[in-house]
Amino acid sequence: MAKIVVVGAGLGGMSAAYELRDTLGKAHEVVLIGQGDHFSFTPSNPWLAVGWRKSEDITLDVAEHAERKDIRFIADGVERIDAGEDAVVTGAGERIGYDYLLICTGPKLAFEDVPGNGPEIGHTQSVCTTPHAQQAWQAYQRFLADPGPVVIGAVQGASCFGPAYEFAMIVDADLRKRKLRDKVPMTFVSSEPYVGHMGLGGVGDSRGLMEAQLRQRHIQWVVNSKVTQVREGEIDVLEHDARGQAGEPRTLPFKFAMLLPAFKGVDAVAAVEGLCNPRGFVIVDKHQRSPKYPKIFSAGVCVAIPPVEATPVPTGAPKTGFMIESMVTTIVRNIQAELAGKTPDFEGTWNAVCLADMGDTGAAFVALPQIPPRNVTWTRIGRWVHVAKVAFEKYFLYKMRHGTSEPVYEKYILGVMGIERLKDGRH
């Protein structure tokens, strides 16, 4: 019997634990370690931050649902990984050995990279976690009572641009519903070289489509820029030209601001010698396995992926939800193969599928695969994307409540679109 420990109980970790149980059966032990008691569906955080959701709508108790699938859940987090001894030490001091370790921790939010940024050490809000989004909703309510300029965006080194676009347009839609939009100048700030770059080098006509959306909504933009400092009510921005040369600094006033930070690896993972790159992201091969530690696999935002292309201001490559599920399936199938004495040669497609809600419409980005050259690349805008995003929220929460790793709609509907989790058409 193998003992498989999954660290991280978010989108990747919960999916991994369920898929391990479904694929391997009850002959093997699965242990899931999370930081806290609850799973949060983080893609819904922008809705929570404007009051369109409540935290209880998008969270669930992990232990209750995991234990129904005979998965042991520990809510104390991981203090240390002893990779040389095949063990982890929890926050409560329990030492747990493993035959395989899956690292799905997600990122550490590097707000400290920009002085004054972040809800805990600075003056801006965040939608990266559900507690942050709840805090943003409190700040947003105060803002509604005394509206003024809004700044939303992503700082240098950020890799997750979709939620920034989402939140800007959701705020725009919400203010229009409240008849307050005329009192709120809005500016979108990003390290991307152009609007719609998304950390992907653009997806189809994403530049033209997203610029049109911002113009239509009267949202100004400042791209190819670094945020150098945030003070109460002011954001200092330094724009750059195509060669990366800095221009004149600008100061943007705000009454409400949300800036996505750059990411790092979490401390317990980053501390393992030879496991990670300098930013603390786990280095993996094409089978999602650590080259240095063969018993360690990793999936999700904590995985090291090089930027799609060099940009004048640093940007990272995003890891979308479907891409994370692709990584998870790759790991599970490789462990299954190895336990059966077969060659663990499964590879994920790393297809990028992003549904970005815009409040009353939405944008869908599909890049197959994520890293160029691509077989398929397109962007579509329409109300159907908003409906699809809501449906995806309901389906994913259903999966987490019922321990289902891949419901019918994913297997067949995405299959019709040519979107597969594994290479070579393997399921």
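Reader: At what angle do helix α1 and helix α9 pack?
Author: This is a predicted model, where local features need pLDDT of at least 70, side-chain atom pairs count only at pLDDT 80 or more, and totals for chains, interfaces and linings use all residues. Residues are numbered from 1 along each chain as its sequence is written, and side-chain values use heavy atoms, without hydrogens and water. Helices (H or I, at least four residues) and strands (E, at least two) are DSSP runs, numbered from the N terminus. The axes of α1 (residues 11–24) and α9 (residues 383–402) lie 10 Å apart, and the angle (0 to 180 degrees between N-to-C directions) is about 50 degrees.

Reader: Why is α1 called oblique to α9?
Author: Under 35 degrees counts as roughly parallel, over 145 as roughly antiparallel, and 65 to 115 as roughly perpendicular; the rest is oblique. The two helices pack at about 50 degrees. That angle makes α1, relative to α9, oblique.

Reader: Which residues of α9 does α1 meet?
Author: Contact means heavy atoms within 4.5 Å. From α1 come Leu11, Met14, Ser15 and Tyr18. Their partners in α9 are Phe396, Lys399 and Met400.

Reader: Which strands stand at the edges of the open sheet?
Author: The sheet has three strands in the order β20-β21-β22, with antiparallel pairing (at least two DSSP bridges between two strands). Each edge strand has a single partner, so one side is left without a neighbour in the sheet. The edge strands are β20 (352–357) and β22 (376–381).

Reader: How many bridges join β20 to β21?
Author: β21 covers residues 362–368 and runs antiparallel to β20. Valine 353 stands opposite valine 366 in β21. The number of bridges is six.
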